Amino acid sequence: MDDSGLSSLAALLVLLALHAWMEFSYSVFTNFRRTPMAERSEAGDKQARRALKLSEDLPRLYVTTQLMLMLTRFAIVALVVVAIADPVLAQQGSAGDGLGRLALDTLILLPFALGTYVLGDLAPSAFGQVYAD
C-alpha cells in the first residue's frame, strides 16, 4: 500500500473515531443520572456544572450532534469514494459504464456504510447508555 493509501486509511479511521466519539458523547449526555451530577455540581465540581448546563438544552444538543454526525458521514463517504472506490473502478476498467459503476460503487460503499453504522453509531450509543455515569 502506498503512502496516499495509508494516509487515506488513517483519515478514515480518524473520521470513524470522531463519529463514534460524538455518538457516545450524545448518548452519555442524554442518559446520565442528574441527581448525583447535581450533588457534585453543588459541591463545587465545575465539570458537573458544565455537564448539567449542557444537558438542560437537549433539543439544541440534538440538532448540533446530528449536524456534526451528518457532516462526518459525508466526509467518510467522500473519502471512501475518492481513495478507495475510484482507484478500484479505474483498475476494473469500468469507470465509464453507468450501470457497472453504480453496481461497483454499491459493492464498495455498502461495507463501509455498515461498518460506520455498527462501529460509529450502534456500539458507541450502546456503551454510552450503559456507562453514562
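In the predicted model, helix α4 carries a kink of about 40°, centred on Val81. Despite this kink at Val81, the 35 residues of α4 reach 48 Å from the first C-alpha to the last, which is close to the 51 Å expected at 1.5 Å a residue. The buried residues of α4 are Leu61, Thr65, Leu69, Thr72, Ile76, Val80, Ala85 and Leu89, and what covers them includes α1, α3 (residues 46–56) and α5. The spacing of such positions may be read against the geometry of the helix in general: an α-helix has 3.6 residues a turn, so residues three or four places apart point the same way.

Helix α5, which spans residues 98–130, was examined in the same manner. With 33 residues at 1.5 Å a residue, α5 should span 48 Å, and the 46 Å between its end C-alpha atoms agrees with this expectation. A bend of about 30° occurs in α5 at Leu109, and a proline, Pro111, follows within four residues. The buried residues of α5 comprise Asp105, Ile108, Thr116, Gly120, Asp121, Pro124, Ser125 and Gly128, and the elements that cover them include α1 (residues 3–31) and α4 (residues 58–92).

The packing of α4 against α5 takes place at an angle of about 145°, with the two axes 10 Å apart, and the crossing of this pair is right-handed. On the α4 side the contact is formed by Arg73, Ile76, Val80, Val81, Ile84, Ala85, Asp86, Val88, Leu89 and Gln92, which meet Arg101, Leu104, Asp105, Ile108, Leu109, Phe112, Thr116 and Asp121 of α5. Val81, on which the kink in α4 is centred, and Leu109, where α5 bends, are both among the residues of this contact. Several of the contacting residues of α4, including Ile76, Val80, Ala85 and Leu89, also belong to the buried set of that helix, and on the α5 side Asp105, Ile108, Thr116 and Asp121 are likewise among the buried residues.

When residues up to four places away in sequence are not counted, Asp86 touches Val81 and Arg101. The C-alpha atom of Asp86 is separated by 52 Å from that of Thr35, although the two residues are 51 residues apart along the chain.

Helices α1 and α4 pack at an angle of about 165°, with their axes 10 Å apart; since angles over 145° count as roughly antiparallel, α1 and α4 are therefore roughly antiparallel to each other. The crossing of α1 and α4 is left-handed, whereas that of α4 and α5 is right-handed.

Ser27, found in helix α1, is buried, because its relative accessible area of 4% lies under the 20% limit. Apart from residues up to four places away in sequence, Ser27 touches Ser125, Gly128 and Gln129, of which Ser125 and Gly128 are listed among the buried residues of α5. By contrast, Leu99, which lies in helix α5, is exposed, because its relative accessible area of 67% is over the 50% limit. The C-alpha atoms of Leu99 and Phe74, which are 25 residues apart along the chain, are separated by 23 Å.

Definitions and conventions:
Residues are numbered from 1 along each chain as its sequence is written. This is a predicted model: local features need pLDDT of at least 70, side-chain atom pairs count only at pLDDT 80 or more; totals for chains, interfaces and linings use all residues. Side-chain values use heavy atoms; hydrogens and water are left out. Helices (H or I, at least four residues) and strands (E, at least two) are DSSP runs, numbered from the N terminus. The expected span of a helix is 1.5 Å times one less than its number of residues. The bend at a residue is the angle between axes fitted to the seven residues ending there and the seven starting there. Buried means under 20% relative accessible area, exposed over 50%, partly exposed in between (1.4 Å probe, protein chains only). Contact means heavy atoms within 4.5 Å. Axes are lines fitted to C-alpha atoms, for helices over the stretch in contact, and angles run from 0 to 180 degrees between N-to-C directions. Angles under 35 degrees count as roughly parallel, over 145 as roughly antiparallel, 65 to 115 as roughly perpendicular and the rest as oblique. A crossing is left-handed if the near helix is turned anticlockwise from the far one by less than a right angle, and right-handed if clockwise.
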